[in-house]
Amino acid sequence: MSELLRTEHLTRHFKIGGMLSRRTLHAVDDVSFSIGEREIVALAGESGSGKSTIARVLARVYKPTSGEIYFEGKPLSAIRSRRDGLRYSSLVPMVFQDPFASINPVFRVQHGVLRILKLHRPELPAKKRLDEAARVFGVVGLGADMLQRFPYELSGGQRQRVGFAQALAMRPKLILADEPVSMLDVSIRIGLLNLMAKLRDEEGVSILYITHDIASARYVADRLIVMYAGQIAESGPIEDVLTIPKHPYTQLLLSAVPDPMAPLSQVSDQGEPPKVVDPTPGCRFRWRCPLAIEKCSAVTPVLAELRPGHEAACHVAQTGAEVRAFAS
Amino acid sequence: MSVVMQSAMNALNPVKSIGAQFKDALQAHGKPSKQEIATRSAEVMRMVGIDPVHLKSYPHQLSGGMRQRSMIAMAMLFTPDLVIMDEPTSALDVVAQRALMVQIKELQQTFGFAVIFVTHDMSLISHFSDRLMVMYAGQIDELGATRTIFDRPLHPYTQGLLEAFPSIHGPRVPLRGIPGNPPDLAMIPTGCRFHPRCPYAVERCTAIAPDLYPVDGDLVRCLRRQDGTLPRADQEGSLSR
């Protein structure tokens, strides 16, 4: 599988407080990962762990504080002209969380798709645009008659399909999907997840699937990246990470996932995710970690490969010891 | 009786400290002395596992989980017999969610109040509720003991709902979810309200509106289940997980 996008030591900080405040929030710290072609990568973690910030940096909404993103081998910081910027945006579109707020309510649904086609595929003659819009609607499972509807006539699931159709109209390589199903009725979430798998298999699109729902990540994704407090805790092939989690945080996360078919597991943790303001070196999970050793409060752990393709940032796991912080 | 709202971010007054909001609630129900207010507020905060110093904190200083727990503390002020919880955990991540559920269960067992827990997360309540009421389009579809419903859902909608959740254990199986969309409540379908999305719908489902029928000790709103023409989920391999 060839590599599509790669980040190297991606970091994004925000200044917080008043004008004179020197405090910085480390939303994303030293994050390196890659996404291959035709691959769905799930980015999981609790609220405030930096998942959405990564999506926005990749979409060029925020500039990284430091670090670099390479798309098809070329650094994003080299993009200067509007044309190159547009080209990148069309290859890496975003699908948003809230389908009720991300479609303009005063225009017909076709408006958004046609504008995208006009802006990003100017070579397409005006007459062909409607045909192309109907084609992408067909791919996401909406009839061509839907193009003439207004957003208020559509259900949440249909609107989110419009969101994917708009992304698809740009002929993307990678779709950044930021919690695309969390606002939808549970009965139709599976339909959207199946659509994402279909886009990968039939259209050859890669997807960065941002979620806090591990079970849905397992359902569609090929690889899983677990974030904690702005850093990657663990990453690897999804089945490998879920069956043999190496990082204590991943184990905690898995033990807390409710499963009606399994007996209730005992989780003692009451801890809260840390606010990452002006952090000192050391593992950011150490306050909640039952296995923390002295080294954890002195040295920030970095990702190291423990199994093929499976990396974890944990000192204890890297010594080769078996990590069983929370039973799942 | 008291209510715990869905979003603790919006349900607490952002410009008043937690303690001041407790005081408001207590004063609305009588004329307690300052001393009484202070003791009762500290008591309920301890009940939900928050240090009473946070009575002086403002909502923005607390994390999501703590805000939600202080909402529950506020609901406990008058030792209620019934607490209505409208999706109290939906804004929390799984770890905080699990901790809160355990807490609610403990409080419920200590003080013996009843809880109506409104949620869309079927797997969450599977371990915490005694009885389960499944609603569809404004009506009760199925009502029975939680474990029995999870073991053998009777209504096609309940079956679909249980199948709509991927699991983190076991084999990765493709799921179908429920076809179609939630109904528009301004244009309710005739007959059984679920029939446009139901894989087992027959002609009379479109005409006759079903009542809640007792089947196997549960109540279920399905014509074909009542007369026994619907295949049983536990006897049909594809439906049981």
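Tutor: Let us begin with helix 9 of chain A, which is mostly covered, with nine of its nine residues buried. Helices (H or I, at least four residues) and strands (E, at least two) are DSSP runs, numbered from the N terminus. A residue is buried if 20 or more other C-beta atoms lie within 10 Å of its own, exposed if 12 or fewer, and partly exposed in between, with C-beta atoms placed from the backbone. Please note that this is a predicted model, in which local features need pLDDT of at least 70 and side-chain atom pairs count only at pLDDT 80 or more, while totals for chains, interfaces and linings use all residues. Residues are numbered from 1 along each chain as its sequence is written, and chains are lettered from A and ligands numbered from 1 in the order in which they are written.

Student: What covers the buried residues of helix 9 of chain A?

Tutor: One looks for contacts: two residues are in contact if their C-beta atoms, placed from the backbone, lie within 7 Å. The cover includes helix 7, strand 9, strand 10 and helix 8 of chain A, together with helix 5 of chain B. Among the buried residues are Tyr249(A) and Leu253(A).

Student: Which elements give two or more residues to the side of chain A that touches chain B?

Tutor: The contact takes 34 residues from chain A and 32 residues from chain B. On the side of chain A, the elements giving two or more residues are helix 5, helix 6, helix 7 and helix 9. Helix 6 of chain A provides the largest share, six residues.

Student: How does one describe two packed helices?

Tutor: Two packed helices are described by the angle between their axes and the distance between the axes. Axes are lines fitted to C-alpha atoms, for helices over the stretch in contact, and angles run from 0 to 180 degrees between N-to-C directions. The axes of helix 4 and helix 5 of chain A come within 9 Å and cross at roughly 125°. Helix 4 of chain A is therefore oblique to helix 5 of chain A (angles under 35 degrees count as roughly parallel, over 145 as roughly antiparallel, 65 to 115 as roughly perpendicular and the rest as oblique).

Student: Which residues meet there?

Tutor: Glu132(A), Ala133(A), Val136(A), Phe137(A) and Val139(A) in helix 4 of chain A meet Ala165(A), Leu168(A) and Ala169(A) in helix 5 of chain A.
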